[in-house]
Amino acid sequence: MNGSTVRAHKQSPEHYRELWNRKTALRAIYTDIYRRMIEASVPGSILELGGGSGNFKSFAPGTVSTDITPAQWLDVVCDAQRLPFASASFSNVVMVDVLHHVENPLHGLTEAARILRPGGRLIFCEPAITPLSGAFYRLFHSEPIDMSVDPLSAGTITPGKDPWQSNQAIPTLLVGRFRTKLAKRLPELNPLRVEWFSFLAYPLSGGFRPWSLVPATIANPLLTIEWQMRKLFGRVAAFRLLAVYERSR
């Protein structure tokens, strides 16, 4: 999946790029996500962490795209926990399906805050763990969910660690139970909003798997309806969360 350093079957970025080109419903789902992320950004430069199969950049030309796994369409190969960029060098930092794969999320968020200019934004879209999605992910998804961890523990970066490991609970914990602790650890990152969305279209699309149960013709109308219903059902049924933070001026 785009942005993942953990992919369901440890396939190459090229494999996921091929699925992207083949699955119309999948493109509709991620196009909807990218559009909302771009709308949430501020004018200026964009750094993408976990560029994966390289799709976001086609929607935001000029984006500097990075990933820990090399691919010909990436600009930089690096670890999100150790970014080779100067402080205050980007207006936006974006991530899609990345944060729940970072070994030490606090390191990654600290680095994102460091390279953001004052008034710049950190925007990430990740799995949301809700009563409905949590049951689905546990039954049908290969990536684990551990809600007992502290995502802000001061761990060390493990040399040679398998980059395919993950914990889908991390983003939900950061914007939920640990939001106050995050505000104390990184007061320069001000939370602007969290949207809990995506109910049927995403799981039924099969994601970056070969199959899909969503006809391409209904993907966009279904996404529109789901977004309109997010305030009613998001916290109990959402499969996705979109978080926006702003760097203190």
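# Cavity, pockets and salt bridges

Visitor: How many cavities of 30 Å³ or more does a search of the whole structure find?
Guide: On a 1 Å grid over the protein atoms alone, a cavity is a set of points where a 1.4 Å probe fits but cannot get out. Grid points are joined across faces, edges and corners, and a volume is the space filled by probe spheres set on the points. With a threshold of 30 Å³ or more, the search finds 1 cavity.

Visitor: What kind of model is this, and which atoms do side-chain values use?
Guide: The model is predicted: local features need pLDDT of at least 70, side-chain atom pairs count only at pLDDT 80 or more, and totals for chains, interfaces and linings use all residues. Residues are numbered from 1 along each chain as its sequence is written, hydrogens and water are left out, and side-chain values use heavy atoms.

Visitor: Which helices each supply at least two residues of the lining of the largest cavity?
Guide: Lining residues have an atom within 4 Å of a point, and helices are DSSP runs (H or I, at least four residues) numbered from the N terminus. The largest cavity holds about 70 Å³ of space, and its lining includes Ile29, Asp32, Leu223 and Trp227. At least two lining residues each come from helix 2 (24-40) and helix 9 (216-228).

Visitor: How far does helix 2 reach from its first C-alpha to its last?
Guide: The expected span is 1.5 Å times one less than the number of residues. Helix 2 has 17 residues, and its reach is close to the expected value. That reach is 24 Å.

Visitor: Is Ile29 of helix 2 buried or exposed?
Guide: Relative accessible area decides this: buried means under 20%, exposed over 50%, and partly exposed in between (1.4 Å probe, protein chains only). Ile29 lines the largest cavity. In helix 2, Ile29, Asp32 and Ile33 are among the residues that count as buried.

Visitor: How much space lies in the largest pocket?
Guide: A pocket is an open set of points with protein on both sides within 12 Å along at least five of seven lines. The volume comes to about 290 Å³.

Visitor: Which residues lie closest to the centre of the largest pocket?
Guide: The lining has 22 residues. By class they are 9 nonpolar, 8 polar and 5 charged, where Ala, Val, Leu, Ile, Met, Phe, Trp, Tyr, Cys and Pro count as nonpolar, Asp, Glu, Lys and Arg as charged, and the others, Gly among them, as polar. Closest to the centre are Ile68, Asp79, Gln81, His101 and Pro163.

Visitor: How many salt bridges are there?
Guide: A salt bridge is a side-chain nitrogen of Lys or Arg within 4 Å of a carboxyl oxygen of Asp or Glu. By this rule the count is 12.

Visitor: Which residue pairs with arginine 22 in a salt bridge?
Guide: The two partners lie in helix 1 (residues 13-22), 4 residues apart, about one turn of the helix. An α-helix has 3.6 residues a turn, so residues three or four places apart point the same way. At an N to O distance of 3.1 Å, the partner of arginine 22 is glutamate 18.

Visitor: How many residues apart are lysine 181 and aspartate 150?
Guide: Lysine 181 forms a salt bridge with aspartate 150, the closest N and O atoms being 2.5 Å apart. Lysine 181 is in helix 7 (residues 179-185), while aspartate 150 is in the loop between helix 5 (131-140) and helix 6 (170-175). The pair links distant parts of the chain, and the separation is 31 residues.
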